[in-house]
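Biologist: Please put the structure up, and then let us go through its chains, domains and strands by question and answer.

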Amino acid sequence: MIEFDGVRKTYRVRGQEVLALEVERLTIERGEVFGIVGHSGAGKSTLLRLVNLLERPSQGRVVVEGEDVTRLAPAQLRAFRRRIGMIFQHFNLLSSKTVAENVAFPLKIAGTESRAAIAARVEELLALVGLSEHAGKYPAQLSGGQKQRVGIARALACRPSILLSDEATSALDPQTTRSVLQLLSDINRRLGLTIVLVTHEMDAVRRVCDRVAVMDGGRVVETGPVSEVFLHPRHPTTREFVLESEHVDTQEFQESLQQAAGRVVRLTFKGAATYRPLLGEVVRRFGVDFSILAGRIDHIKDVPYGQLTLSLVGGDVEEALRALAEAGVDVEVLR
Amino acid sequence: MTQWLVNVDWLEIGRACWDTLVMVGVSLFFAVLLGLPLGIALFLTGKRQLLEQPLVYAVLSFVVNLLRSVPFVILLIVMIPVTVVLVGTSLGVPGAIPPLVVGGAPLFARLVEAALREVDRGIVEATQAMGATVPQIVFGALLPEALPGILAGVTVTSITLVSYAAMSGVIGGGGLGDLAIRFGYQRFQTDVMVITVALLVVLVQLLQMLGDRLVLRFSRR
């Protein structure tokens, strides 16, 4: 469990205090995949770096598994850092070491295992990330996705209980991003590892995270389960992110809303309701006509969902909406 | 052709070549031995680095700049009393080595500092996140990553030492420079001058070639 308690981070720029981060209270549960999204400069990387104290808070406490990390002595801090793995946007692999040597590096630093034990562990880790046949290569000989897999293997070497991911997929193409996210998801499930994932891509959050915090201007502006935040965003920044990830042009969407006739509603289907022919049934029963203004059917983590923006005309619209709500569909009336 | 090379004593040339190689080799060894830790200290105590120490950095930097700002010919002369204490003489090959080391070490230290600064900060950060100590970061990550740059620095330093070693002929230092000054300059034996200069050119070319190969050999980027 990771807790931020009254944390502030300020910098001095030309004699002036500049507030970079202010988080009153944020808790990340053990074993969950927690997303932190925000635009660049929103403070999300700073927040992540507070966990293993790569950044020191100016004020407040960061409690990781019951320990206030800001109070650790240097040797304790080093031992503590070994229990936390970290992966980076630009991989940060040592170009002078082979894949196997890179993965072995944190074990050598820890200095607690024999050479044979390290070799066995490296083999096991490379098998886990599917790079066994590349053990003797140098990072420069690998693709971006492979490099990040080496980064993941290296981060897992000391059997950490927490994995920090700082924009780990931002330098990768969409397909590679998906496979790396899939790997992270697998690791979370198989090893019970807590993962904190910083990203500016809402799509990455949607695929792997359980809960998410949205950051803006150094503050957490919205937090909750991904399905909640994703389907019913409240803060403007969150809305922007969700729309961005759905490739919706806000202005175009507003224009098409204005042209639509009748009632405009947004229906959200979740889980099993996604695949039932609910809409058809209700529309027939109440003699309502509809046209689709926007729509999307996808998954949040493993849960399927559908979200449709409709304009409804004729028949008994009110009764139809009530029937849909009773069947477990989220109904929001936009106009 | 033989008429023109009448002043050239090939045995003498051979000995002078050997002397130059010894001077450059020994002084390079000590310049690296002193310059490497000095360069690492400069890097670590520098602004926004692992062991940021503005005062220590200022002092080290000042000393390095001081030594580097003294022209080598002057350093040769200023160093004479120290050289006598260190090696018992200020003449010949041994007498040239202390000033060569003092001339070469600060240069190499700066080149090491620059090579370490070229290492991606992300690598230091990743190593820190693994719970590494500063020595582990330096020896496990920084030096291996900076090795090609450091080898390029060794090459530049060795070539500078070749020219410094030639200069040491002015105070009776021995080697090709000594030969050039005593015969080529003072006795107007142009052929000796031309031969020694040609040999120095060849030596520099060889050192650069060797250095480039080593850099390439250890570059994994």
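**Domains, sheet and chain contacts**

Modeller: UniProt, in an unreviewed entry, places the feature "domain: ABC transporter" at residues 2-242 of chain A, with positions in the numbering used here, feature names shortened, and annotations that may be inferred rather than shown by experiment. This is a predicted model, in which local features need pLDDT of at least 70 and side-chain atom pairs count only at pLDDT 80 or more, while totals for chains, interfaces and linings use all residues. Residues are numbered from 1 along each chain as its sequence is written, and chains are lettered from A and ligands numbered from 1 in the order in which they are written.

Biologist: How far apart are the end C-alpha atoms of residues 2-242 of chain A?

Modeller: Over this stretch the chain is 39% helix and 28% strand, where helices (H or I, at least four residues) and strands (E, at least two) are DSSP runs numbered from the N terminus. The end C-alpha atoms of residues 2-242 of chain A are apart by 26 Å.

Biologist: Which element gives the largest share of the side of domain 1 of chain A that touches domain 2 of chain A?

Modeller: Chain A is divided into domain 1 (2-244) and domain 2 (251-333), with bounds from an automatic or database domain assignment. In contact (C-beta atoms, placed from the backbone, within 7 Å) are 7 residues of domain 1 of chain A and 7 residues of domain 2 of chain A. Helix 7 (202-208) and helix 8 (226-231) of chain A each give two or more residues to the domain 1 side. The largest share, 4 residues, comes from helix 8 of chain A.

Biologist: Which strands of chain A stand at the edges of the sheet, and why is one side of each left without a neighbour?

Modeller: The open sheet has 4 strands in the order 2-1-4-5 (chain A), with antiparallel pairing, two strands being paired if DSSP finds at least two bridges between them. Each edge strand has a single partner strand, so one side is left without a neighbour in the sheet, and these strands of chain A are strand 2 (16-28) and strand 5 (67-68).

Biologist: Which helix of chain A supplies the largest share of the side that touches chain B?

Modeller: The contact involves 20 residues of chain A and 19 residues of chain B. Helix 2 (74-81), strand 6 (84-88) and helix 3 (99-110) of chain A each supply at least two residues of the chain A side. The largest share, 4 residues, comes from helix 3 of chain A.

Notes
Two residues are in contact if their C-beta atoms, placed from the backbone, lie within 7 Å.
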